Amino acid sequence: MNEKERPIVLPGEFLCEREGKRIGDNVYEENGKVFSKVIGIPKITESEISVIALSGKYMPKVGDRVIGTIIGVEVAGWFVDINSPYVAFLPLGEAVEEFVDTSRVDISKYYDVNEVIFCRILKVAKNKIIQVTMHDLHAKKLVGGVLVKITPSKVPRVIGKGGSMINLIKNKTNCELLVGQNGVIWVKGKDKSKAIEAILLIEKESHIIGLTEKVEKMLSEEK
Amino acid sequence: MKRGEVKLITDGKRIDGRKPEEMRNVEIKLDVISRSDGSAEVAFGKTRVLASVYGPRALFPKYLQEHETGILRCRYSMAPFSVDERKSPAPDRRSIELSKVIRLALEPAIFLEDFPKTVVDVYLEVIEADGSTRVTGINASSLALALAGIPMRDLVCACSVGKINDTLILDLNGREDNYSEVDMAFAMMPGKGKITLLQMDGLVTKEELKKLIEIAKSTCEKIYEMQKNALREKYRVSE
């Protein structure tokens with residue numbers, strides 16, 4: 001096997017014995033043995049066994065910061081598309097600080113359809129009713145810019161170790177970048193086409209080692 | 001002509017020159033449809049099937065949603081030009097049955113309970129039909145599901161077996177499909193050793209049936225390796 005690659009596991013592939021370890025994402029247990037559920041990169045630590053999927057849809061988790069698009073305005077809140085099979089709801093109380101008399105005020109003055117927000121997932125019920133909130137340090141409305149969608153499991157690669165990758169793209173292209181855990185990336189700036197190209201390269205070759213150098217090379221070349 | 005009346009084996013060789021337990025050439029292509037979540041094209045000799053997977057995605061109308069689990073929908077359809085005489089593109093009784101059979105063969109492999117209220121759609125299009133289309137379809141959809149990142153217990157592999165003049169044969173082509181004494185579609189999860197589809201037409205003895213299942217099982221193991229190699233190849237970086 002080429003040394004530049006990470007080992008890939010396929011659905012149903014045996015990972016290791018459980019031995020009291022925690023069952024993480026994308027794995028399942030059968031008679032004390034742990035198998036992968038998806039195509040991905042195995043991650044076996046002392047306490048947990050999990051697999052990082054190489055494809056798949058975003059499944060909401062409490063605390064994730066995501067980029068969503070408003071798709072509907074209701075009496076006391078908004079429906080938000082968070083790039084997942086499930087639509088999220090943003091209640092009025094989680095979006096606006098002041099008291100709003102819903103019988104008099106049209107709440108679309110706060111957020112309207114097609115506007116883009118950066119929010120946090122507040123609650124995921126068992127039946128997948130999802131609530132998001134704007135009561136968060138980084139939550140804000142995103143004005144201008146474009147949205148790029150990638151596979152959600154590749155978000156950590158776009159950010160890189162300690163934000164190395166994202167800072168590299170920011171510095172080289174002078175773009176504003178915001179990454180949602182749901183695989184939506186907001187890019188704003190003059191040189192955004194180059195930033196998008198870099199993001200798509202990361203998505204395509206996320207499973208190889210030494211990606212940061214490759215992206216750096218690509219961004220420096222095209223000057 | 002009826003089943004068993006056409007000479008399909010002469011001097012131990014079948015009409016296309018294969019030995020009784022020889023498979024046709026298998027060709028696998030991945031990610032053939034860029035806008036789908038996962039897609040694959042599998043060819044067994046002249047039979048060629050295209051599978052594309054979309055989802056998990058929101059399911060509407062709402063009354064179709066299942067509260068505790070997601071659902072799987074399969075659509076098997078033959079292209080009008082896939083057979084000798086033009087086939088009407090409308091879903092007929094056969095297509096509807098095969099759609100259901102394929103769905104039942106794939107369902108045990110998928111963790112549908114991981115995404116309640118949603119649907120996973122599998123669309124199968126037979127581009128060229130020369131026997132064993134349903135098993136080719138199952139192989140293609142297994143690959144497409146894996147590429148779409150749908151959580152699965154194992155890959156599903158399938159093949160067809162049959163009987164001509166007391167000779168047990170593997171991987172039936174179109175003519176053999178029509179005129180052989182027995183034809184059996186078989187699918188399993190080789191990693192788990194579990195059979196997910198067993199359909200048979202014709203008459204066999206108990207011993208023959210056991211032998212047929214054995215042949216099918218060992219063939220599925222081979223197809224399993226082919227599927228795994230194809231998936232691994234996709235993520236190999238060419239440098």
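**Exercise 1. Domains of chain A**

Task: Into which domains is chain A of this predicted model divided, and how many residues of domain 2 are in contact with domain 3?

Solution:
1. The domain assignment divides chain A into domain 1 (14–53), domain 2 (65–142) and domain 3 (146–221).
2. Between the C-alpha centres of domain 2 and domain 3 of chain A the distance is 26 Å.
3. Contacts link 9 residues of domain 2 of chain A to 9 residues of domain 3 of chain A.
4. On the domain 2 side, strand S7 (65–73) and strand S10 (116–124) of chain A each supply at least two residues. The largest share, 3 residues, comes from S7(A).
5. By type, the residues on this side of domain 2 are 6 nonpolar, 2 polar and 1 charged.

**Exercise 2. The sheet of chain B**

Task: In what order do the 5 strands of the open sheet in chain B stand, and why is one side of S3 and of S6 left without a neighbour in the sheet?

Solution:
1. The order is S3-S4-S5-S7-S6 in chain B, with mixed pairing.
2. Strand S3 (26–30) and strand S6 (71–78) of chain B are at the edges; each has a single partner strand, so one side of each has no neighbour in the sheet.
3. On average, neighbouring strands of this sheet are turned by 15° against each other, direction ignored.
4. Strand S4 (residues 38–44) of chain B pairs with S5(B) in the antiparallel sense, over 7 bridges. In S5(B), B:Arg48 is the bridge partner of B:Ala43.
5. H2(B) packs on the sheet and touches S3, S4, S5, S6 and strand S7 (118–128) of chain B. The direction of H2(B) makes about 40° with that of S5(B).

**Exercise 3. Where chain B touches chain A**

Task: Which elements of chain B give two or more residues to the side that touches chain A?

Solution:
1. The contact involves 29 residues of chain B and 21 residues of chain A.
2. Strand S5 (47–58), helix H2 (133–147) and helix H4 (206–234) of chain B each give two or more residues to the chain B side.
3. That side divides into 15 nonpolar, 5 polar and 9 charged residues.

**Exercise 4. B:Val204**

Task: Where does B:Val204 lie, and why does B:Val204 count as partly exposed?

Solution:
1. B:Val204 is in the loop between strand S11 (194–201) and H4 of chain B.
2. B:Val204 has 17 other C-beta atoms within 10 Å. A residue is buried at 20 or more and exposed at 12 or fewer, so B:Val204 is partly exposed.
3. Neighbours within four places in sequence aside, B:Val204 is in contact with B:Lys163, B:Val182, B:Leu209 and B:Leu212.
4. B:Asn139 is 65 residues from B:Val204 in sequence and 26 Å away in space, C-alpha to C-alpha.

Key:
Residues numbered from 1 in each chain as written. Chains lettered and ligands numbered in written order. Predicted model: local features only at pLDDT ≥ 70, side-chain atom pairs only at ≥ 80, totals over all residues. Contact = placed C-beta atoms within 7 Å. Helix = DSSP H or I, 4+ residues; strand = E, 2+ residues; numbered from the N terminus. Nonpolar A, V, L, I, M, F, W, Y, C, P; charged D, E, K, R; others polar. Pairing = 2+ DSSP bridges. Axes fitted to C-alpha atoms, helices over the stretch in contact; angles between N-to-C directions. Domains from an automatic or database assignment.
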